[in-house]
Amino acid sequence: MIRTFLAALPVVALLAGNLVAADEKDKKDKDAPKPTHVTITKVDAKKGQITVKYTDGKLKDVERTFHLTKDIKYFDETGRVASVEVFQSGKEALIVETGGEVTELRAAGRAARPQRLSDAVRTLIEMTDCEEGCTEEVQRIYDMLRKLDTAKNGKIDAKELKAESNRILEERVKGAFERLDANKDGKISKEEAKGLIKDHFDKIDTNKDGFIDHDELLKAAKEKRDAKAAESKDKDPKPSDKEKN
């Protein structure tokens, strides 16, 4: 789920010029293939529909139903051409959609093991045909990871990784806060709040003054991230020696 993985690490443009450039990039990305790792919840071959669930870039659980048109390509976990019967409720799959429509459905290998970030990068390399910026996207990932090799020994520094995680989260929170703070008074009211922030307003507003300030929003975002990480660790068993190799 590389697009979802990358979407979890956005840097929001704040200047007008950057917003224009971001809109153009978003339009291009919208038209490009978007592999998404999902769990199948229902397959109705008679109606020609498949329902899946996944976690989006905002760490929100999403369930969607797609129509199985005649143009969809099916592949099993080995990459061989398959039929819709391969896909059953409870199984993992990889969906590629273009313009909101599914163009490819691939059974995921090792369905019992949750997808790791390294799987997401492998997915990008495997699934993208390199005609629409694939090389540039991989290069961006490489540049981000290279900065974490502070000792220049081919290994990622754990402390720098944590620091970079915090920096990215802080940038996301800053961007979200500035977008929602419509009257620029340095706080978000219930009327200004949207989405999950609005849904959990009272919980985020820890001092109960009827507003969310920047520190409260940052604290809530970090708690959400840490809880998600803890949940993933509980669900993801340690790989066996065979899997490591």
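**Close-up 1. Charged side chains over aromatic rings.** The charged end of Lys-187 is placed over the ring of Phe-211, at 4.2 Å from the ring centre, a charge being taken to sit over a ring if NZ of Lys or CZ of Arg is within 6 Å of the ring centre and within 35 degrees of the ring normal. For Arg-106, whose charged end sits over the ring of Phe-75, the distance from the centre is 5.0 Å. The model is predicted, with local features needing pLDDT of at least 70 and side-chain atom pairs counting only at pLDDT 80 or more, while totals for chains, interfaces and linings use all residues. Residues are numbered from 1 along each chain as its sequence is written, and side-chain values use heavy atoms, with hydrogens and water left out.

**Close-up 2. The aromatic pair of Tyr-74 and Phe-87**. Rings of Phe, Tyr and Trp (its six-membered ring) pair if their centres lie within 6.5 Å, with planes under 30 degrees apart counted as stacked, over 60 as edge-to-face and the rest as tilted; by this rule the count is 1 aromatic pair. Tyr-74 and Phe-87 form a tilted pair, 5.9 Å from centre to centre with 45 degrees between the planes. The pair links distant parts of the chain, 13 residues apart, with Tyr-74 in strand β4 (residues 73-75) and Phe-87 in the loop between β4 and β5 (92-98). Tyr-74 is buried because its relative accessible area is 15%, buried meaning under 20%, exposed over 50% and partly exposed in between (1.4 Å probe, protein chains only); Phe-87 also counts as buried, at 3%.

Close-up 3. The side chains of Arg-64 and Glu-97 meet in a salt bridge at 3.1 Å, N to O, the term requiring a side-chain nitrogen of Lys or Arg within 4 Å of a carboxyl oxygen of Asp or Glu. Arg-64 is partly exposed at 27% relative accessibility, whereas Glu-97, at 11%, is buried.

Close-up 4. Lys-219 forms a salt bridge with Glu-223, the closest N and O atoms being 2.6 Å apart.

Notes: Helix = DSSP H or I, 4+ residues; strand = E, 2+ residues; numbered from the N terminus.
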